[in-house]
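The report below looks at one helix, at what surrounds it, and at the chain as a whole.

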Amino acid sequence: MSRPVMPIAGRLVALLLGLAIVGGCALVPADSRLAALPETIAAGLGAQADASAAPSAVAAGESQVAGIRLRPRPRKGAFRMDLYRRGDHVRQYTGSWCVGASMQMMINMIEDGRPDRSRRTQKDLYDLARDVSPWEERRPGASTYGWAGGLTELGHGPYVELSSPGKQAALRIAARQMRYTRKPVGLLVWRGRHAWVMSGFRATADPAYTDDFEVTHVHIEDPWAGRESPAWGRGLSPHSLVRVSRLSGFTRWASHHRPEFGRDGHYVIVAPLIEGTAEGMAPVAGGLAPAA
């Protein structure tokens with residue numbers, strides 16, 4: 001898989017280092033002062049969403065995101081969205097490749113044509129996620145920065161890590177990003193040990209029409225489908241529709257490597273941004289929210 005060279009940003013201290021999945025598909029770096037985040041990822045570091053932020057003053061049915069043609073057009077009433085097509089789901093070929101498999105499924109949903117379900121592609125994506133991580137991976141796995149950076153480098157982004165201290169708030173962010181971009185969202189699950197893809201959702205209202213909505217259900221693509229985890233049970237079946245109240249695998253992640261998440265941790269997603277918007281800008285609360 002040929003890839004363009006990604007420009008490199010300067011060194012960042014531990015507070016800004018990327019989330020990594022611990023003891024499962026990916027890892028926390030042993031040294032929290034490591035070099036050089038890719039610019040495309042570093043640009044999104046300030047885009048952490050504030051769940052307590054007041055809704056914007058956008059009138060119902062209007063959008064502040066210029067030049068975007070939403071389909072369907074914003075409308076009243078309950079809303080559902082589903083990006084999955086038959087064959088998009090791929091199981092991870094090894095216990096360490098959940099990020100590679102999740103990237104593979106996301107690309108299948110983004111691109112037209114026959115889904116790519118090959119082991120070789122999944123291995124290439126896993127290797128790419130490790131290559132663009134801001135630290136040297138010494139154990140099996142790949143970070144969420146590698147997940148986002150790999151998708152971006154391949155031209156499927158921009159993708160960045162976003163987070164919230166609340167589950168519903170994180171899913172609202174995920175739903176809004178999906179609504180504006182028509183691209184799937186990654187979820188960090190199992191207390192940082194695994195990766196899922198959110199391929200669709202159901203909500204009480206259209207995220208492009210109003211800020212007053214809740215996500216009630218999500219479609220999940222679990223690369224662990226058909227396998228059993230001693231701690232978390234059986235993997236979800238392909239394209240499972242799960243009520244948010246029963247979405248037990250989507251948990252907060254806390255670590256001394258991410259002190260900004262606090263003792264209780266954050267719910268973390270790998271989310272698409274709108275192509276062509278200013279660096280660090282994401283559509284939240286009805287408009288574009290600048291990086292903090």
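The model is predicted, so local features need pLDDT of at least 70 and side-chain atom pairs pLDDT 80 or more, while totals for chains, interfaces and linings use all residues. Residues are numbered from 1 along each chain as its sequence is written, and side-chain values use heavy atoms, without hydrogens or water.

Helix α4 spans residues 144-153, and ten of its ten residues are buried (under 20% relative accessible area, with a 1.4 Å probe and protein chains only). Among them are Tyr145, Trp147 and Glu153. After α4 comes Gly155, which has a positive phi near 90°.

| Helix | Residues in the contact |
|---|---|
| α2 | Val99, Ser102, Met103, Met106, Ile107 |
| α4 | Trp147, Gly150, Leu151 |

These residues divide into six nonpolar, two polar and no charged. The axes of α2 (residues 98-110) and α4 are 10 Å apart, at an angle of about 35°; axes are lines fitted to C-alpha atoms over the stretch in contact, and angles run from 0 to 180 degrees between N-to-C directions.

In the protein chain, buried residues make up 52% of the 292 residues.

Technical notes
Buried < 20%, exposed > 50% of the residue type's maximum accessible area, 1.4 Å probe, protein only. Helix = DSSP H or I, 4+ residues; strand = E, 2+ residues; numbered from the N terminus. Contact = heavy atoms within 4.5 Å. Nonpolar A, V, L, I, M, F, W, Y, C, P; charged D, E, K, R; others polar.
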